[in-house]
Amino acid sequence: MIKKGIKNFVIYGLLLLLVAITLVPFYLITVNATHSSFDIVTQLNLLPGKYLIENYRKLQEYVNIWSGFFNSLLIAVVFMIVSGYLGALVAFGFEKYQFKGKRILYMIVLASMMIPSQVSIIGFYRLGLKIGLVNKLTTFMFPFFAPGVSSVSTIFFLRGMISQGISTSLLEAARMEGCSEFRIFNRIVLPCIMPGIATMCIFNFVNSWNNYIGPLIMITDTKKYTMPILISLVKGIYLTNYGAMYLAVGISILVVVIIYLFCSKYIIDGLTMGAEK
Amino acid sequence: MRKKLVSLLLTSVVCLNVLAGCGSKPAPEEKKTPEASSEIPEENTADTQENEGTEINTIDTNMTAELNIWSSGEELQRFVEGFNKIYPNITVNITVIPNKEFLSKLTPVLSGGQDVPDIFTGESDYVKYLVNAGVWDDLTQEPYHATEKLNDIWDYVKNVGTDDSGAVRALSWQTTPGSVIYRRDLAEKVLGVSEPEEVSAYLSDYNKMLETAAAFKENDITMFGSWEDVMLMALSDRQQAWVVDGKLVIDAKMETFLDIVKEIYEKKYDLNVSQWDPEWIAGVESDNVFCYVLPTWGYSFMVKANAVNTMGKWGLCEGPNPYINGGTWLGIYKDSPNKEAAWAFMEYVTLNSEALQEYASIYGEYVGCKSADDALAQDQGEENLAGQNLYEFYNQVMAKNPNVTITEYDGQINTAYKNAAKAYATGKITKEEAITQFKEDVATAYPDLTIE
Amino acid sequence: MKKKSINDRSGYGYLFILPFFIAFIFLGLYPAVFTFSLSVQKWDGLAPEKFIKLANFERLLSDKVFYLSIRNTLRIWLISFIPQILTALLLAAVFTTYRVKGMGIFRAIFYLPNLLTAASVGLLFHLLFNGNKSVANNILQALHVSGAPFEFFNDPVFTSNLTSYIQWWMWFGYTMILVMSGITTIDKNLFDAARIDGADRGQTFRKITLPLIRPTIVYITITSIIGGMQLFDVPATMSDGTGEPDKAILTISMYLYNQGFKNHNYGYAAAISVGLFAIICVMSFASLKAMKKGGNKDD
């Protein structure tokens with residue numbers, strides 16, 4: 001009994017320590033975003049202050065953080081949906097169909113992970129200039145390849161799920177009923193692996209949301225700046241306005257945290273359920 | 001709504017010389033709307049009318065156009081209202097792009113040749129690059145013919161805007177001579193004197209300046225905000241630019257400067273912070289920083305903007321050498337479809353003495369137009385400077401022709417030099433190693449330069 | 001003869017995998033080829049390109065800063081990855097062998113940092129540690145730590161390790177989730193059998209779980225190498241793009257970006273990205289080989 005107590009103490013102690021390490025930066029953001037710049041540089045603040053509104057006003061004076069937020073959101077949502085749906089389709093194609101060169105083609109998919117986005121980026125930039133893509137479509141196209149790794153992992157992950165979760169006999173049965181191949185995918189395969197797709201969607205969303213170097217290079221129009229670019233500029237803009245800078249960081253994080261509060265169970269359960277099937 | 005978002009974005013201020021209101025205080029003055037131009041000194045009226053007379057003959061003030069301007073600071077926006085009084089049908093759209101990102105945003109549009117703004121700015125760090133790249137029109141040629149009008153511009157502004165072939169491609173509304181911005185009360189306390197000439201005597205050369213710093217240190221007063229300030233002055237102490245005929249040159253004065261930095265660091269003559277760090281700015285309001293070695297922009301956007309309790313306790317004096325540093329230029333894109341309207345705006349911003357006087361009287365900036373500065377030098381002095389007239393002071397500095405050594409490589413080279421100096425000062429590497437590191441960094445950034 | 005017409009749906013197979021190849025060719029492969037062609041040219045972003053043969057690569061091979069950036073990138077990755085995988089394994093072991101109350105909440109919290117915009121995180125840590133009056137220094141001074149305030153960002157070792165720490169902080173939760181999902185795929189009967197054989201929890205984890213999740217570990221390692229070699233956001237925003245102090249956190253990607261988009265040596269930047277590509281290939285294959293070898297030995 002005592003041994004168990006000690007064990008519990010160690011386990012929970014460790015977990016709580018990690019929780020503290022994880023959350024300390026969040027707390028520091030909260031505290032500092034609510035203090036004036038003067039307070040931040042002159043004293044140690046451990047409790048939230050009263051300067052939130054003032055900092056927000058100052059932040060809005062120079063940069064509209066929300067326009068960056070919506071640009072990022074738009075790109076990430078489009079990327080998430082498209083990469084989720086197409087990723088599942090490609091995974092399905094590889095897993096449940098026999099065709100010539102399948103092995104080699106799948107090797108190509110996996111090998112494409114090896115091409116870092118930085119390798120394509122300079123060429124893409126040059127290409128973009130040549131055909132006039134900078135600032136235009138690229139705003140939306142770029143995310144499709146920049147975190148290319150993620151869509152490959154979507155395919156990789158979903159293929160595993162389909163292989164485990166969907167029996168070929170089920171598909172045969174559907175075909176007997178006269179279902180077309182697309183219908184089988186949309187009506188049978190998709191719902192079955194939905195938890196897995198949702199999980200990969202979240203990962204892809206995050207990847208796109210965090211994409212910094214891509215938009216940094218391809219977007220020259222201030223109206224189309226994404227969140228990470230605005231954040232990286234904040235330091236140049238506010239120079240010493242620390243309160244506003246913390247607040248900008250806070251806003252870029254807050255919304256994600258709120259979304260996460262509602263979906264975290266779904267993300268993690270999705271992973272587990274997907275794996276169990 | 002969208003429009004509003006955009007316009008909010010447009011007002012983003014960045015770059016070093018557009019710093020107003022960055023401290024913990026609300027932005028000063030700059031939010032005021034320019035007043036009507038009723039305050040023009042009498043003596044200039046005739047001159048101005050003459051100018052207008054010639055303009056009417058050549059330029060149609062009713063012309064309609066939409067100008068797109070990219071600027072790394074928000075100053076240009078301040079001219080728009082006055083400009084539109086003369087040219088009501090020219091719409092001016094100004095996009096502010098932070099200095100740090102300016103070139104990397106400009107290059108793709110220039111390269112692609114689409115959506116290029118009619119006018120764009122260039123800061124001293126890279127203005128020479130743009131000037132020599134030939135992306136701006138030569139203002140002495142068709143359709144501008146500005147040669148004669150340029151006589152009223154300070155040589156510094158003109159020379160920096162002139163490319164190797166002698167074509168004038170960029171001009172500026174400002175000129176940026178430097179000073180030692182010092183605290184009169186602290187000077188009185190430690191040195192027993194407070195007037196600019198008297199204080200200057202204690203700063204007549206760099207050794208003397210460091211001796212003075214020691215005297216302040218004994219009184220627990222830090223001489224400088226940051227040694228990086230002093231570097232702005234030391235750069236004009238050189239005879240040669242960083243790059244001469246494609247070769248990297250380290251002027252003997254810059255080698256000496258490394259030791260000055262080390263002494264400042266070791267004896268704690270500065271706050272041991274970088275420029276624009278909060279402590280650097282907070283020093284304005286403290287009673288233990290004696291001076292800031294900064295050009296015009298440093299005075300108006302940093303010291304003056306943050307001086308509340310220390311209001312009226314400041315003075316401008318000269319250091320070991322006259323200097324001039326920084327600035328923002330602007331030019332007209334060579335393929336702009338709106339050249340006439342662009343020139344109208346540029347002329348208003350850089351050559352219109354009347355407009356520049358009005359601008360200077362509101363924002364307290366030293367401008368690029370000689371006649372405007374001369375007129376303003378006749379006015380009363382500034383409250384913050386205990387009655388000293390900054391135009392008169394800067395005119396004196398300009399009269400001494402500080403060495404101008406701007407090259408297109410300066411941005412990266414100055415950064416590399418600062419890094420090397422810092423590593424040496426903090427004792428990480430020896431002086432030789434610092435110079436080697438500096439050369440390697442320059443070679444890395446500019447492989448085509450000859451480096452010995 | 002072999003053709004079974006009723007089963008021939010290979011057309012659909014090709015059709016379904018087509019989207020990937022379209023995206024890959026137009027957005028990945030073609031630009032990559034373009035990069036390769038740019039790497040043998042000189043281009044400043046404005047003037048027309050000039051073919052200069054292998055000059056960029058000759059320069060690359062003797063470029064000290066390039067090697068330095070490789071070392072930096074590897075160091076930052078390694079110092080963050082090892083603790084990251086160890087933490088993840090430990091947590092996964094705890095969560096899968098013990099009935100931990102509130103496990104869902106713990107997992108959710110550990111994963112949280114991974115969602116954050118890396119650029120924001122870099123800026124945040126810059127704010128927390130920069131200057132004598134930074135939050136970190138205020139805390140240390142309040143605790144009367146001797147030597148405080150520290151000039152954190154003047155210390156290359158500290159700055160590099162801080163970057164690794166941030167990477168660890170952002171990724172250990174993600175890695176943990178992947179490891180756990182690997183564990184949940186293991187047949188439950190194996191655990192039961194082990195328990196019947198009298199194995200304790202530690203033995204079960206070492207002898208059954210670890211070998212069986214090897215594919216997951218391989219996957220995590222390789223994706224982490226690929227990601228780690230491309231590290232950009234955090235060190236870039238933390239050091240304002242410079243990689244200072246003493247270029248300690250100048251990563252390959254940052255060097256590439258600076259050469260291209262700051263110094264306007266786009267051709268050379270392309271050569272660096274080709275170098276980066278080669279490094280990633282070599283490292284991925286090496287780790288794949290190493291792990292396969294290890295796997296065979298055990299079996």
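# Chat about a predicted three-chain model

Me: How many residues of chain C are in contact with chain A?
Reply: 73 residues of chain C are in contact with 76 residues of chain A. Contact here is C-beta atoms, placed from the backbone, within 7 Å.

Me: Which element brings the largest share on the C side?
Reply: Helix H1 of chain C, residues 10-38, with 18 residues. Helices (H or I, at least four residues) and strands (E, at least two) are DSSP runs, numbered from the N terminus.

Me: And by class, what is that side made of?
Reply: The side of chain C that touches chain A has 49 nonpolar, 19 polar and 5 charged residues. Nonpolar covers Ala, Val, Leu, Ile, Met, Phe, Trp, Tyr, Cys and Pro; Asp, Glu, Lys and Arg are charged; the others, Gly among them, are polar.

Me: What should I keep in mind about numbering and confidence?
Reply: Residues count from 1 along each chain as its sequence is written, while chains are lettered from A and ligands numbered from 1 in the order in which they are written. This is a predicted model, where local features need pLDDT of at least 70, side-chain atom pairs count only at pLDDT 80 or more, and totals for chains, interfaces and linings use all residues.

Me: OK, chain B. How many helices and strands?
Reply: 19 helices and 10 strands. Of its 452 residues, 53% count as buried. Buried is 20 or more other C-beta atoms within 10 Å of the residue's own, exposed is 12 or fewer, partly exposed is in between, and the C-beta atoms are placed from the backbone.

Me: What share of its contacts join residues at least 24 apart?
Reply: 77%, among contacts in chain B between residues at least 6 apart in sequence.

Me: Which strand order does the sheet of 4 strands have?
Reply: The order is E5-E8-E4-E9 in chain B, an open sheet with mixed pairing. E5 (222-224) and E9 of chain B have a single partner strand each, so one side of each is left without a neighbour in the sheet. From one strand to the next, the twist averages 20 degrees. Two strands pair if DSSP finds at least two bridges between them.

Me: What packs on that sheet?
Reply: Helix H13 of chain B, residues 296-306, touching E4, E8 and E9 of chain B. The direction of H13(B) makes about 125 degrees with that of E8(B). Axes are lines fitted to C-alpha atoms, for helices over the stretch in contact, with angles from 0 to 180 degrees between N-to-C directions.

Me: Parallel or antiparallel for E5 and E8?
Reply: In chain B, E5 and E8 (residues 289-295) pair in the parallel sense over 2 bridges, and B:Phe224 stands opposite B:Cys291.

Me: And in which sense do E4 and E9 pair?
Reply: E4 (residues 178-183) and E9 of chain B are antiparallel, over 4 bridges. B:Cys317 in E9(B) is the bridge partner of B:Val180. Both faces of E9(B), residues 314-317, are covered, as B:Trp314 and B:Leu316 on one side and B:Gly315 and B:Cys317 on the other are all buried.

Me: Where does B:Asp270 sit?
Reply: In the loop between helices H11 (252-266) and H12 (278-282) of chain B. B:Asp270 counts as buried because it has 22 C-beta neighbours inside 10 Å. Leaving aside neighbours within four places in sequence, its contacts include B:Met223, B:Phe224 and B:Ile264.

Me: Which residues touch the most others in the largest nonpolar core?
Reply: A:Leu158, A:Ala248, B:Ile181 and B:Phe345, in a core of 282 residues. Such a core is a set of buried Ala, Val, Leu, Ile, Met, Phe, Trp, Tyr and Cys residues joined through C-beta atoms within 7 Å. Helix H7 of chain C (residues 156-184) gives the most to this core, 14 residues.

Me: Back to chain C. Where is there a cis peptide bond?
Reply: Between C:Glu244 and C:Pro245, with omega about 5 degrees. C:Pro245 lies in the loop between H11 (233-238) and H12 (252-262) of chain C.

Me: What about the phi of C:Asp240?
Reply: Positive, about 60 degrees, although C:Asp240 is not a glycine. C:Asp240 is also in the loop between H11 and H12 of chain C, and is partly exposed, with 15 other C-beta atoms within 10 Å.

Me: And C:His264, buried or exposed?
Reply: Buried, with 22 other C-beta atoms within 10 Å. Phi of C:His264 is positive too, near 60 degrees. Most residues other than glycine have a negative phi, and most peptide bonds are trans.

Conventions: Contact = placed C-beta atoms within 7 Å.
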